[in-house]
Amino acid sequence: MTRALNNILITGGAGFIGSNFIHYLSGQKDFQGRIINADCLTYAGNPENLAEIEEKWGGKRYFFVKANIRDHASMKALFSKYNIDTVIHFAAESHVDRSIYGPKEFIDTNIIGTFTLLESARESWKERDDVLFHHISTDEVFGSLGEKGAFSEETPYRPNSPYSASKASSDHLVRAYFMTYGLPATISNCSNNYGPYQFPEKMIPLMILNALEGKDLPVYGDGQNIRDWLYVRDHCDAVWTIVNKGKKGETYNVGGENEWKNIDLVRLLCRQVSDLTGRSSDEYTDRIRFVKDRPGHDRRYAINCGKIKKELGWKPSCHFEQGLLETIVWYRDHSPWVNNVKNGSYKEWVEKHYHG
Ligand code: NAD
Ligand code: DAU
């Protein structure tokens with residue numbers, strides 16, 4: 001059966017990875033279809049990320065629809081109006097710290113929202129086998145690693161935060177819809193992304209902006225926690241590879257093969273900022289503050305992405321120091337974007353919850 005790939009529903013396309021994915025897709029010559037971006041614009045959703053796409057393709061090949069994935073009627077209407085044949089499901093509450101302060105939104109969007117979307121797809125695609133539901137998930141569902149080893153697709157799920165538990169639950173639902181109803185589906189579990197348009201509550205953009213603004217750099221706990229960092233464009237490339245070549249019912253781990261202790265990453269970032277500003281590196285590293293740890297803070301993540309490399313021919317390609325430098329330059333050069341984002345509801349939240 002030849003796959004239809006004409007009308008792609010992207011959920012959460014106004015967020016960090018979703019908007020990068022739409023930019024990526026707009027540059028793919030092998031895709032000439034329509035993109036329907038359904039996003040309810042939470043604090044993390046920003047249509048400004050897609051202003052160029054809206055200008056170039058709005059109403060022709062690109063359609064933004066302000067809609068909540070928890071709203072069954074809206075989702076059903078989208079499938080029917082745009083004859084959706086592919087779903088790439090990014091929409092989620094994505095920040096671990098917020099899930100600690102307020103887990104309910106995470107349950108509602110990540111679990112009930114994914115369930116609602118799956119139901120809409122199942123009802124709309126009854127007679128079709130040429131369709132695909134691709135679910136974007138995270139390596140955090142696997143829990144925390146010791147000093148050695150890496151998560152593979154066979155690693156048992158052991159989520160430790162309300163965020164990762166809600167993502168784990170959504171992964172299980174996608175799998176169950178494939179096994180029970182035969183809904184054509186794939187899942188990817190990815191490590192930490194970085195790059196342009198990332199909301200500045202996440203570690204890398206937060207540290208960049210604090211350094212540029214002369215503020216403290218708050219490192220949680222002892223700074224020895226390890227994350228595997230992947231440039232967002234490499235993630236987009238992996239998702240497009242799976243959507244085109246992935247096998248239905250399979251999950252794929254996606255990672256950067258690029259582990260960093262948080263403290264070492266912050267020190268590297270300080271050096272790169274200092275190279276750009278011409279100020280001494282000490283001026284930045286002196287602002288590093290070890291602050292109260294995140295409860296349930298996972299110690300180490302690492303991804304074995306051998307399966308997607310071997311079976312689908314994808315691999316991470318961006319060199320970390322280069323990607324990080326480009327990201328710093330992007331934030332430095334986009335102060336109107338930064339100001340708009342920081343002056344929204346985020347400001348209030350930071351004042352209430354954040355250290356430093
Ligand atoms: P983000 O928080 O930047 O963006 C989320 C987007 O979803 C926003 O545009 C928001 O408005 C939208 N959204 C939230 N709730 C919605 C709802 N109920 N209905 C419609 N839209 C809604 O998130 P991100 O960092 O871009 O992450 C995207 C996906 O990738 C998530 O599923 C996340 O779990 C996963 N992921 C993220 C990373 C990472 O490092 N950021 C790594 C692995 C996996
Ligand atoms: O691993 C994939 C996950 O990566 C995604 O599923 C999540 O959506 C995404 O937010 C990210 O989760 P993390 O919790 O790893 O990302 P965060 O940027 O919040 O934190 C990265 C590391 O830095 C983590 O060990 C906590 C630490 N940290 C974070 C912040 C915000 C600090 O030390 N100081 C900070 O101020």
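Predicted model: local features only at pLDDT ≥ 70, side-chain atom pairs only at ≥ 80, totals over all residues.
Colleague: How many aromatic pairs does the count come to?
Modeller: The count comes to 20 aromatic pairs. In one of them, the ring centres of Phe-142 and Phe-151 are 5.1 Å apart and the planes stand at 35 degrees, so this pair is tilted.

Colleague: Why is that pair tilted?
Modeller: Planes under 30 degrees apart count as stacked and those over 60 as edge-to-face, with the rest tilted. The angle for Phe-142 and Phe-151 is 35 degrees, so the pair is tilted.

Colleague: Are Phe-142 and Phe-151 buried or exposed?
Modeller: Phe-142 is buried, and Phe-151 is buried as well.

Colleague: Which residues do ring pairs link into a cluster?
Modeller: The cluster consists of Phe-21, Tyr-24, Phe-31, Phe-90 and Trp-240, linked by ring pairs. Phe-21 and Tyr-24 of H1, together with Trp-240 of H8, also take part in the meeting of those two helices.

Colleague: How do H1 and H8 pack, then?
Modeller: Helix H1, residues 16-26, packs against helix H8, residues 232-245, at an angle of about 70 degrees, and their axes are 9 Å apart. The two helices are therefore roughly perpendicular to each other. The crossing of H1 past H8 is right-handed.

Colleague: Which other residues meet there?
Modeller: On the H1 side they include Phe-16, Ile-17, Asn-20 and Leu-25. On the H8 side they include Val-232, Arg-233, His-235, Cys-236, Asp-237 and Val-239.

Colleague: And what about H5 and H6?
Modeller: Helix H5 covers residues 104-124 and helix H6 covers residues 162-181; they pack at an angle of about 15 degrees with axes 8 Å apart. That angle makes H5 roughly parallel to H6. H5 also passes H6 in a right-handed crossing.

Colleague: Which residues make the contact?
Modeller: From H5 they include Phe-106, Ile-107, Ile-111, Phe-115 and Leu-118, as well as Glu-119 and Arg-122. From H6 they include Tyr-163, Lys-167, Leu-173, Val-174, Tyr-177 and Tyr-181.

Colleague: Changing topic, which charged end sits over the ring of Trp-57?
Modeller: That is the charged end of Arg-61, 3.9 Å from the centre of the Trp-57 ring. Elsewhere, Arg-98 lies over the face of Tyr-43, at 3.5 Å from the ring centre.

Colleague: Now the loops. Where does Gly-15 lie?
Modeller: Gly-15 is in the loop between strand E1 (7-11) and H1. The residue is buried, with a relative accessible area of 13%.

Colleague: What is Gly-15 in contact with, leaving aside neighbours within four places in sequence?
Modeller: Its contacts are Asp-39, Ala-44, Gly-45 and Asn-49. Gly-15 and Gly-45 are 30 residues apart along the chain, yet 4.6 Å separates their C-alpha atoms.

Colleague: Which phi value does Leu-41 have?
Modeller: Phi of Leu-41 is near 55 degrees, a positive value in a residue other than glycine. By contrast, most residues other than glycine have a negative phi. Leu-41 is placed in the loop between strand E2 (34-39) and helix H2 (51-57). Its relative accessible area is 25%, and Leu-41 is partly exposed.

Colleague: And what is phi for Asn-83?
Modeller: Asn-83 has a phi near 50 degrees, again a positive value in a residue other than glycine. The loop in question runs between helix H3 (72-82) and strand E4 (86-89). Asn-83 is partly exposed, with a relative accessible area of 44%.

Definitions and conventions. Residues numbered from 1 in each chain as written. Chains lettered and ligands numbered in written order. Heavy atoms only, no water. Phe/Tyr/Trp six-rings, centres within 6.5 Å; stacked < 30°, edge-to-face > 60°. Buried < 20%, exposed > 50% of the residue type's maximum accessible area, 1.4 Å probe, protein only. Lys NZ or Arg CZ within 6 Å of the ring centre and 35° of its normal. Axes fitted to C-alpha atoms, helices over the stretch in contact; angles between N-to-C directions. Helix = DSSP H or I, 4+ residues; strand = E, 2+ residues; numbered from the N terminus. Parallel < 35°, antiparallel > 145°, perpendicular 65-115°, else oblique. Left-handed = near helix turned anticlockwise from the far one by under 90°. Contact = heavy atoms within 4.5 Å.
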